[in-house]
Amino acid sequence: MAAGTVSTKRVHPVRSFLVGDEPMPPALWGIIFFIFSEIMFFSGLIAAMLALHADTLHWEPTNGGHRVHGDELRPILFTVMLVSTSVPMQIAAFAIRKGNRRLMLWMMGIVLVIGTAFIINQGFEWGEAMFGISDGTYAASFYTLTGFHGAHVIGGLVFILAQFVRGLLGHFDAKRNTAVEAATLYWHFVGFVWLLVIFPLVFFLS
Amino acid sequence: MATLAGAQTTGYAGVAAWRTILEWLTTVDHKKIGIMYLWAAGAFGLVGMAFSLVLRTELMETGTVISAEAYNSLFTMHGSVMIFLFLLPIGAAFMNYSMPLQIGALDMAFPRINALSFWIFLFGGVLLAMSFAVEGGTASAGWTAYPPITLDSGANAEKPGSGMDMWLIGVILLGQASIFGSVNFLVTIFKMRAPGMTMWRMPLFTWTTMVTGLLILLSTPVLAAALVMGFIDRNGAGGAFFEPSQGGQPLLWQNLFWFYSHPAVYIMILPAMGIVSDIFGVFTRRPIFGYRSMVLALIAIGLLGFIVWAHHMFTTGGVFLPFFMGATFLIAVPTGVKMFNWITTMWRGSNVFPTAMLFSVGFLMLFLIGGITGVFHAAVPVDFALHDTYFVVGHFHYTMSIAATFGFLAGCYYWFPKMFGKFMNEGLGKLHFWLLFVGVNLIFFTQLLLGLDGMPRRINDYVANPGWELMNTIATIGAFVSAAGMMVFFFNVFYSLKYGERASDDPWEGTTLEWATSSPPPPHNFDSLPEIRSERPLFDLRFGERLADDEHYHGHAPSNGGSSSKAGG
């Protein structure tokens, strides 16, 4: 299409926001399908948690230990931190669509730092929890869900780190940025699932 | 094979052999990966069949030949191997080999992930097989692995050994391979189609690959969730998920397990249906009747497949019976549409019956019996009476095991010339068909009758009720007849690879794109593609000019019929 003419092909605004106006390359389709399968995996775990919660007798930790550590401020803080990293990650994707590699690297750096802080905090939470994995159905659900989510956060961070290093090496420009878009979509998924995992576990069901 | 010949030109035979082996170990070519899936699935299928022969020998008469523990272990591994290591991967084999060729793609969308899928699958299979060597033996709770007997907590302390853990991890790996594979299939179908190959022009096998891919993508992760919870239950959580005394819920496992495993039976049967549909479209010398209704029926089966899982759990008392009964009955409708379309395709067709077509017709007959007995089960009162009897065993073997196997064997005979450039021997093929067809009916029809008579499944011995011994003996004879048939098949494969009659590029006068390239195809699949103006591009190529004058053909005449040259030849 000649420069200056307006594209007659309408692109859905959500699609345009998430992956830009270019035709999606196979790799982006692939990551989207893969994210659907991941959503089904967490659906299975979360469904199990909800079903087990129906049996209130066995739900509370059997050793009398209460929830993670009593105060709700810390999980709220880290939840907000993790979910809000979707913003810099998306800004990174916007930046590279315009060819701004420098801004992309800064934004990815922010995501990497906050994501790592989240994982470290998660390690402390496990260490401070007043129950073990064998102390009832709440405890088992807690460790299983936060554990698998944590593994996915680490996976997402490795994914982003790889693109960060590639960016440092001079990869990516306005045309070639599929891996950044894919990492961004995956990171949105990791944050979204945390909302589904942490809110029932910490605020409603404990 | 072209690849072998290519490697052998490079000096010493030993070097050439190593090069060939290295080439196959590192290949990312969808055709080679498909063929490796085929060999692996065939080998595992042979193992699963050997297990079934031991089981049938045990059941031939009252009294025991092997211990109850060995029987439990063998029927568990028979089911697991046949489902996870034979039926699912052999479907993947054909989806890998044929689907990219059918849509005119150069390869899968992600060739390296495709290779990764295969090797994960093989590793998972080896892990399952190795569980025979560990203390306590293999998993022995059936392929459904219902807790709490799979747990080593509570009342079952120290019962199942680490074989159960290996089973859980092995199946997680196999599921992961499936998921990677399904992503690959879906993206390939959505993004890699040749110009002109619109969705409504895709061959039916490609459509089944797409629907199967969606089923795998959305159901397998749920099984993975159940499996990891089972693993955590056995190794730390102490039964919090599935052990009732610890607050766990055995029904939770059943729900999650069947949320995968009911779609999984469609994952096994749908590719077979696709193969059979393509074969009918060739050997009846007619276009498949109701192409669009076939696709819509396929999609309907896929959608309904997600809301019927609890019909496996009618007798647990934990599911809403009317809904799942109604939904299950509904599945008979699209299945019936497909059945009638196949029959109508044959109706007044110029049918020819090479072995591939024989197996397709055999598929129809076996699937009919399986489908009708399935409708019996969908009715809750009947299911209450027949649950856990041999009627169930007969039913599911008729559908997802034997009918699917017939579809896949049809695919073997149909695509063998494309894969290796040689025909399979027709005489041996017909012997194989008749031995297998008679054999499996001897096994499974008697099992239906035994089930109606109330014989319970999964028990290693039975009382000498009138008729039971006779029927079981007939079933065992049937098993050995079937095994003999399969031996003929395996002999035929090796015989035909060496001495088979050379096949042309399009030996069956096929209608779909895989016949537009050489046999076997070059690594890049196509040198050039014919124009694609319908779901039968090769038919257009062959008869296009004649049909250009025929205004009745598809309602419109192609403007420049048959102008493109035939590819690859």
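1. Let's start with B:His312, which sits in the loop between α9 (291-304) and α10 (321-346) of chain B. Bear in mind throughout that this is a predicted model. With a relative accessibility of 22%, B:His312 counts as partly exposed, because the buried class covers values under 20%. Setting aside neighbours within four places in sequence, B:His312 is in contact with B:Tyr146, B:Trp258, B:His262 and B:His387. As for B:Ala16, 296 residues away along the chain, its C-alpha atom is separated from that of B:His312 by 53 Å.

2. Another loop residue to look at is B:Asn460, found between α14 (426-452) and α15 (468-499) of chain B. Is B:Asn460 buried or exposed? Its relative accessible area is 15%, so B:Asn460 is buried. Residues up to four places away in sequence not counted, B:Asn460 touches B:Glu58, B:Leu59, B:Thr64, B:Ile66, B:Ser67, B:Ala68 and B:Tyr71.

3. Now for a helix pair in chain B. Two packed helices are described by the angle between their axes and the distance between the axes. Here, helix α4 (residues 68-102) and helix α8 (residues 250-283) of chain B pack at about 45°, and their axes are 10 Å apart. That angle makes α4(B) and α8(B) oblique to each other, and the crossing of α4(B) past α8(B) is left-handed.

4. Which residues make that contact? From α4(B) come B:Ile83, B:Phe84, B:Leu87, B:Leu88, B:Gly91, B:Phe94, B:Met95 and B:Gln102. They meet B:Tyr260, B:Ile267, B:Met268, B:Pro271, B:Ile275 and B:Asp278 in α8(B). Sorted by class, the contact has 11 nonpolar, 2 polar and 1 charged residues. If you're wondering about the spacing of positions on a helix, there are 3.6 residues a turn in an α-helix, so residues three or four places apart point the same way.

5. Last, chain A. Its secondary structure comes to 7 helices and 0 strands, which reads along the sequence as α-α-α-α-α-α-α. Of the 206 residues in chain A, 48% are buried. Look at contacts in chain A between residues at least 6 apart in sequence, and 79% of them join residues at least 24 apart.

Technical notes: Residues numbered from 1 in each chain as written. Chains lettered and ligands numbered in written order. Predicted model: local features only at pLDDT ≥ 70, side-chain atom pairs only at ≥ 80, totals over all residues. Heavy atoms only, no water. Axes fitted to C-alpha atoms, helices over the stretch in contact; angles between N-to-C directions. Helix = DSSP H or I, 4+ residues; strand = E, 2+ residues; numbered from the N terminus. Parallel < 35°, antiparallel > 145°, perpendicular 65-115°, else oblique. Left-handed = near helix turned anticlockwise from the far one by under 90°. Contact = heavy atoms within 4.5 Å. Nonpolar A, V, L, I, M, F, W, Y, C, P; charged D, E, K, R; others polar. Buried < 20%, exposed > 50% of the residue type's maximum accessible area, 1.4 Å probe, protein only.
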